[in-house]
Amino acid sequence: MASLLVGGTALSPVDVAAALLHRQADPAIVTIVWQLRLPRVCIAGVVGAGLAISGAMLQGMLRNPLVDPYLTGVSAGAAVAVALAILAGVSAAFTPAIGFVAGIAAALAVAALARRGGGIDPTRLILAGVSLSALFSAIVALAVIRAQSSNYAGEIVAWLAGTMAGRGWRDLAATAPYVAAGCALAAWSIPALNALRIGDVRARTVGVDVERAQWGILAGASLLAASSVVLAGMVGFIGLLVPHVARRFVGSDARAMLPACALAGAGLCALADAACRWIVAPAELPIGVLLAFVGVPAFLYLYLRDRTAS
Amino acid sequence: MIGLESVALDVGGRRLLDGIDGSIASGEFVAIVGPNGAGKTTLLRAIAGLHPPAAGRITVDGRDVSTMAPLRRALAIAMVTSDDVLFEALRVRDVAAIGRFPHHRWWQWRERPEDDDAVSSALHSLGLDAFAERFVWTLSTGERQRVWIAAGLAQATPVLLLDEPTSHLDLRVAHEILSLLRAQTRTGKTVACVMHDVNDAAAYADRIALLGDGRLAAFDVPDRVLASDVLEQTYGVAMQRLTLPDGTTRVFAAVDR
């Protein structure tokens, strides 16, 4: 609700309620609510839920609490493509699709490098993800330097910092099939994620097809992360932080963990987006920047407290 | 019934075991013994379908384990491994409940009454009722070992394989576990167990499979295995034998003092 109230034009709860119900509302307010803020709240929810579920799936598969969704190379791959597309003067209408395709291609490259036998080697996945991401980041840096001579540098940096400005129902509809596929794979992987908590070898002994589960989890996590990147650019820390918080409250059972991640991720992202629009209104803070300022201390606090407790 | 036909097992490109033939009947307790590195765990993993044979065939009730789907295999064979890896803060009951995985389809997320019964019964038989809600990481190594065995029992399979199940247990608990496994065979469950103590193997198992020099050196009833020279050749140490009042044999490494 708070997300619907704040922005360039401050609205009262009564205005928003009236606009939502179409009861004798001011047409301008109806437009603001239905065409600008509501799609943005929904996008923030989808981005937050997608990143949190994606992070929880990868952390569970790799049994590593320091893994985040961007380990798959999705964001770095998308960033390179989007930066080069902006530099080449490609219309902004095409950048989400270009980012999505490049993100998925990068995830496939990371998966191919991490492949061992029929499955995925966790150590290779982390090494491949970190290495390719570093390479892509260097290319993005070059693109930004080159863009400084033109007017494109600001556009690239804004995308890298994460923003939902200018996104609408059409963007949400375009990513909906991929988000749905990612969520379906997340639901399918829940029993395997639970069994993988006791290790790959033991999971095999209870009948988990570990290789198939790994590919399903990686595909689902990549689809959700790529969809989020397309909708909001680089939004950090949700995929790392939210699974930690959810695990603390509901435990590690994926039946409770993944829905809890979805709710907490959606709520946090929507709240952060509202704060970004409110803090420097009528301008906007990049959501990636705000989440890094809040997320880093929160993550360090949780991680160090866990370590001290154990 | 477990069948092994001319089984050869490779590890790291090297032939570890070759020409393994034999069968284990339903309701039989077989102990697999041998020196370190003889291939005991590898053989157990091969029977569980986790290590494909380089040659030969391993069957459970006539079905080749290497071609069985993972879920179908897990309904036939449970394996209690000796590695102790935990990522999450799991409670004892959660771990035992994971043994019920093969009894569910992927969309069946909720435990059914028969799952609760199987888990409770497994925990009770291992003396873990009071530990059910404890986090596994708060338990001793021996207690954790019992939790893994409980998960294997909760899996409710006709074949139970165990890799050194008594390695971290004190004398009394080891006796309780081996007696429990022995009792399981009376319900028709087949138990194959890697063990280091040949006297424990002799006391509880129906037959002993002795591995050494890359082959199955002996596969017979305990007294015959313990009485044969093969034991000394396999371990490379002189043995002293002691006949107990009940006529059974025990062996000890001969020690010069």
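Two strands are taken to pair if DSSP finds at least two bridges between them. Helices (H or I, at least four residues) and strands (E, at least two) are DSSP runs, numbered from the N terminus. The structure is a predicted model, in which local features need pLDDT of at least 70 and side-chain atom pairs count only at pLDDT 80 or more, whereas totals for chains, interfaces and linings use all residues. Residues are numbered from 1 along each chain as its sequence is written, and chains are lettered from A and ligands numbered from 1 in the order in which they are written.

The model scores ipTM 0.89 and pTM 0.87. In terms of pLDDT (the predictor's confidence in each residue, from 0 to 100), chain B has a mean of 92, with 98% of its residues at 70 or more. The average for chain A is 85, and 95% of the residues score at least 70. Among the elements of chain A, the lowest mean pLDDT, 68, belongs to helix α1 (residues 2–5), and the highest, 93, to α8(A).

Chain B contains an open sheet of 4 strands in the order β2-β1-β4-β5, with antiparallel pairing. Strand β1 (residues 2–11) of chain B is joined to strand β4 (residues 55–60) of chain B by 5 bridges, and the two run antiparallel. Along this pair, B:Ile2 is opposite B:Val60 and B:Ala8 is opposite B:Ala55. On β2(B), β1(B) has an antiparallel partner to which 7 bridges join it, with B:Leu9 opposite B:Leu17. The hairpin of β1(B) and β2(B) has 2 residues between the strands, and B:Gly12 in this hairpin takes a positive phi near 60 degrees. Helix α1 (residues 40–47) of chain B lies across β1, β2 and β4 of chain B and runs at about 125 degrees to β1(B). Here and below, axes are lines fitted to C-alpha atoms, for helices over the stretch in contact, and angles run from 0 to 180 degrees between N-to-C directions. Residues are in contact if their C-beta atoms, placed from the backbone, lie within 7 Å.

Chain B also has an open sheet of 6 strands with mixed pairing, in the order β6-β7-β8-β3-β9-β10. Its edge strands are β6 (77–80) and β10 (215–220) of chain B, each of which pairs on one side only. From one strand to the next the twist averages 15 degrees. The parallel strands β6(B) and β7 (residues 159–163) of chain B are joined by 4 bridges, and B:Ala78 stands opposite B:Leu160 in β7(B). Helix α5 (residues 141–154) of chain B packs on the sheet, where it touches β6 and β7 of chain B; its direction makes about 180 degrees with that of β6(B). Helix α6 (residues 171–185) of chain B lies across β3 (29–33), β7 and β8 (190–194) of chain B, at about 150 degrees to β8(B).

In chain A, the axes of α8(A) and helix α10 (residues 210–232) come within 8 Å and cross at roughly 150 degrees. Angles under 35 degrees count as roughly parallel, over 145 as roughly antiparallel, 65 to 115 as roughly perpendicular and the rest as oblique; α8(A) and α10(A) are therefore roughly antiparallel to each other. The residues of this contact divide into 15 nonpolar, 6 polar and 1 charged. For these classes, Ala, Val, Leu, Ile, Met, Phe, Trp, Tyr, Cys and Pro count as nonpolar, Asp, Glu, Lys and Arg as charged, and the others, Gly among them, as polar. The axes of helix α3 (residues 27–62) and helix α12 (residues 254–279) of chain A come within 7 Å and cross at roughly 140 degrees; α3(A) and α12(A) are therefore oblique to each other. Their contact comprises 18 nonpolar, 4 polar and 2 charged residues.

Between the chains, 19 residues of chain A are in contact with 25 residues of chain B. On the side of chain A that touches chain B, the elements giving two or more residues are α8 (169–196) and α9 (200–205) of chain A. The most comes from α8(A), with 5 residues. By class, this side of chain A has 8 nonpolar, 5 polar and 6 charged residues.

Technical notes. Two residues are in contact if their C-beta atoms, placed from the backbone, lie within 7 Å.
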